[in-house]
Structure formats: C-alpha cells, structure tokens
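Thanks for coming. I will go through one model this morning, starting at a strand and ending at the aromatic rings. Please have the structure open.

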Amino acid sequence: MATTTKTPKTKILFVCAGNTCRSPMAEVIFKAICKKHKRTGVIVRSAGTAAAVGSDMMPEVIIALQNNGIAIPKKRHVAKQYLPKMEKQYDYIFDLRDYDDPYGYGQDAYDKVCEKLLINLEGVYHQIFDLRNSRPMLS
C-alpha cells in the first residue's frame, strides 16, 4: 500500500512592538506575495514584543495596503504577544523593529513603510523559496 508524505509547511513570523502596524502589514503583504507566486503550504503570522493584545491593525495600515493594491483580509487582525516559545514554532522570524514605526506619524509614514516592505519582502520570498537560503535577510 502506497503512503503519501505530506510536505511540511513553511512557517514565517513577523514581529514588531505593538503588532498593530508593521508586523500585521508585513503579514498581509507576504501572504499576497505567496498568492501572486502561487505558493501554497506557507503559514504567515505576526506578533508584538509589547503587543496591544486583542487590538486590530491600525486603520492607516489598511489604507496603505489598499493604496498599494494589496487586498485586505476578511478576517479581522487580532494583535498577539510574542512569546519565546515561538522561536521553536516558526522556521523564519523577522524582526521589523528596525523599520521606522509609523504610529502617530500620519498616513504618509504608513505608506512609506508599506512601500519598503513590498520591495523587501519580495526579496525575502525569493531568498526562502528560490535560493533556499536558510538565513534570509530583511533589509
């Protein structure tokens, strides 16, 4: 009797401070990139080191994503706290705290972060899935 082997899913986590701006934006963008490349078997999540647990993403994030042609998920974002045990649960963890935090700086700041993430996350996608880089860099 033949057995089928399941291909393991690739698990990716984006982390920022509050999990209401940069990391949920990166989560949505990376999911869109995976969809564009018809990549299945990828789990993408986000969390915050000082999360506003239970909060939705900021309205400016939604506007920035829409301004860049990224579809907004139907399921509401719920901010989650980053926990040390997550290091063992994900294949790749990207720290977005080096990106400028747009919180409180107006829509233009959100748009700039979104545009930067769109470019950089496309590169990360190719590092992971095309180059099979075990330590991809997010610039």
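Start with T10, which counts as buried because its relative accessibility is 18%. Buried here means under 20% relative accessible area, exposed means over 50%, and partly exposed is in between, with a 1.4 Å probe and protein chains only.

Before going on, the ground rules. This is a predicted model, in which local features need pLDDT of at least 70 and side-chain atom pairs count only at pLDDT 80 or more, while totals for chains, interfaces and linings use all residues. Residues are numbered from 1 along each chain as its sequence is written, and side-chain values use heavy atoms, with hydrogens and water left out.

T10 sits in strand β1, residues 10-16. Helices and strands are DSSP runs numbered from the N terminus; a helix is H or I with at least four residues, a strand is E with at least two. Leaving aside neighbours within four places in sequence, T10 is in contact with G41, V42, I43, D91, Y92 and F129. Contact means heavy atoms within 4.5 Å.

Now the partner of β1. Over 7 bridges, β1 pairs in the parallel sense with β2, residues 42-48; pairing requires that DSSP finds at least two bridges between the strands. Within this pair, V15 stands opposite A47 in β2. With helix α1, residues 22-36, the two strands β1 and β2 make a right-handed β-α-β unit. Right-handed means that, with the strands pointing away from the viewer, the path from the first strand over the helix to the second runs clockwise.

Next, the interior. A nonpolar core is a set of buried Ala, Val, Leu, Ile, Met, Phe, Trp, Tyr and Cys residues joined through side-chain atoms within 4.5 Å. The largest one has 31 residues, and those touching the most other members are F14, M25, F30, L65, L117 and L121. Two or more residues each come from β1, α1, α2 (59-67), β3 and α4. The largest share, 9 residues, is from α4. A second, separate core has 6 residues, V15, A47, Y82 and M86 among them.

Which residues does F30 touch, not counting those up to four places away in sequence? They are I12, F14, V42, V44, L121, V124, Y125, I128 and F129. F30 counts as buried because its relative accessibility is 0%.

On to the rings. Rings of Phe, Tyr and Trp (its six-membered ring) pair if their centres lie within 6.5 Å; planes under 30 degrees apart are stacked, over 60 edge-to-face, and the rest tilted. That rule gives 5 aromatic pairs. F30 and Y125 have ring centres 6.2 Å apart and planes at 50°, so this pair is tilted. F30 is in α1 and Y125 in α4, so the pair ties together parts 95 residues apart in sequence. Y125 is buried as well, with a relative accessible area of 3%. Y92 and F94 form a stacked pair, at 6.5 Å centre to centre and 10° between the planes. Y92 is buried at 15% relative accessibility, and F94 is buried at 5%. Ring pairs link F14, F30, Y92, F94, Y125 and F129 into a cluster.

Last, a loop. P102 lies between β3 (92-95) and α4 (107-129) and is buried, with a relative accessible area of 1%. Beyond four places in sequence, P102 touches C21, R22, A109, Y110 and V113.
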